[in-house]
Each structure stands twice: as C-alpha cells, then as structure tokens.
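This report looks at a few individual residues and at where each one sits. Please view the sequence and the structure together before reading on.

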Amino acid sequence: MNAAIRKLFLINFLGGLSFYLPIFTLFLLQKNITLPEIIFAQVFYSIAAFLAEVPTGILADRVGHHKSVAIGYLVDFFALLIIILLPSSITIIFAFIIRGVSGAFTSGSKEALLYEYCQKSERTYKKDYSHMTSYEILGVAISTFIAGIILQQFGEVSYTPIMIATIIAIGIAGVLTFTLPKIHVELDTGRELFHEVKHSFALFRTSRILVVLFLTAGLTYEGNFVLMQLYPPHMVNTHVAPFFLGASLSIASLVNYFLVRHAYLIEKPLGAKNAI
C-alpha cells in the first residue's frame, strides 16, 4: 500500500500541472468569447458539480474509488479538448458542465481512496492527506511558473500549446489512476443507500456548522474563480510583463503548498474548527 500511496501522490501532482491557468481567460478572449460569457459558463459548472455529487459518489462505491478518480480526470481531459478544438460561447457552457461532472467524480473519491490505503498500511491519514493535497498545489506552482516563462518568450502564440500541455498531464494522471489497486469494501444495499442520502440531507438541514461551511465554501470558491478569470486580462491591460501572469500565481501557490503540507500540524493545537 505504501507504493500505491506514493503513486497517488504522483497522480495528484500530475493532475495539478495546470499550465493553462494564467492564460485560460486570454485564450477564450482570443477566440472571441467575452468575459461575461466565461463567468456565466462557471454557473453551469457549479450547478453540474452540485447535482452530480451524490450520483457520482454512489457510482464510486460501485466501481471503485480509483476508477471514479480516473474517470474524473479523463472526462476533464475531453472537456478541455472540446474547448481547444471547438471554442465558442455555446461549447464552453457544454464543456464547463462536463468539467463540473468531472469534479464530482474526483471529489471525495481521492480522499476515500487514500483513507482505504492508509487503513491497510496503518499510516496516519491526516498527515498523508495534507501531503497528497500539497502535491497537487506544488504541481500548480511549478506549471504556472513554467507557463510564465513560455509566455514571456513566445506571447500569444503559446496559448494553444500551453492548453495542450495541460490536457496531456491530465490524461496521463487519468491513465495512471486506473493502475492503482482497488480495495474491497462492503457495499450498502440500494435501500440503505437511499436512507444514507436522506439522512445526509436531514443532517445538513439541522446542522448549523455544515450550513456555514457550505456557504463559506460556495462564496470563496466562486470568488476565487472570478478572480482567476479577471486577473490575466487586467495584468495584460496594465502592461505587466507576461512572465508575471504565471509567476504571481506560482508564488501564491508555493505559499499555499507549505501551509497545506503542514496543515495537520496546525490542526493539532488549534482543533479542526479553529484551523478552518
């Protein structure tokens, strides 16, 4: 299981190689898709991710969490491929819906997979979870820094190659995930699953903490997305050197990397609630 955990860390790193982040909005603007259309497409992403969360979770229990993660990566691969090959105000809505479903496939499944591996190998889940998440952020930091260098050297002509580099990394992550070992777990019956889902919604309605966490996550997530779409054109319009489109995001990601990698140490003295 130790080898499987190391491979999962590598997969998370590859999945984090988001070379496209500094230029995604600029790429779409170059294809005559307006900024309001880009932001509007994100609404469909969020709706799709929310609606697909429970069905993909049930499917993950049936086919295995490693396959769920792999499907998520490969679905994201095809969604980005659609954006590259057929960019338009209509296709990005369709692609963003697909990406929302992709996120639902990976959401929770990585954590469940890591938990299963840690149980089998008697490792500390919280520590390994911090490390797994940090590797994805490290991938973002390295890839965006490289993207900044490429942008400085080649400018707008590098947009498409940078997008392609991203989907190659995602595709490799997806293929590698299929090679992870599956852990056998007892499956609930359909009736028990129904009651579990019903109980989850009831708990959400009655738990103030869950409601606060949900609203906080929704506000910060959407705000982060809007910021990610706005900062590249703003930096271009204010004549900031192209290198800093990637470097600024890379520096922020490195800070996040060190914080997340040691999050389990921060949680020990503070407790989960205060750490959040």
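## A threonine and its surroundings

Leaving aside residues up to four places away in sequence, Thr56 touches Ser68, Ala104 and Phe105, where contact means heavy atoms within 4.5 Å. Thr56 is buried, its relative accessible area being 5% (buried is under 20%, exposed over 50% and partly exposed in between, with a 1.4 Å probe and protein chains only).

Thr56 belongs to helix H3, which spans residues 35–63; helices are DSSP runs of H or I with at least four residues, numbered from the N terminus. A polar atom of the Thr56 side chain lies 3.1 Å from the backbone oxygen of Glu53.

## Basis of the model

The model is predicted, and local features need pLDDT of at least 70, side-chain atom pairs count only at pLDDT 80 or more, and totals for chains, interfaces and linings use all residues. Residues are numbered from 1 along each chain as its sequence is written, and side-chain values use heavy atoms, with hydrogens and water left out.

## Two loop residues with positive phi

Asn32 is found in the loop between helix H2 (24–30) and H3, and its phi is near 65°, a positive value in a residue other than glycine. With a relative accessibility of 70%, Asn32 counts as exposed.

His239 is placed in the loop between helix H10 (208–237) and helix H11 (243–261), and phi of His239, a residue other than glycine, takes a positive value near 60°. The relative accessible area of His239 is 73%, so His239 is exposed.

Note on methods
A polar contact is a pair of N or O atoms within 3.5 Å; within protein, one must be able to donate a hydrogen and the other to accept it, and residues adjacent in sequence count only if both atoms are side-chain atoms.
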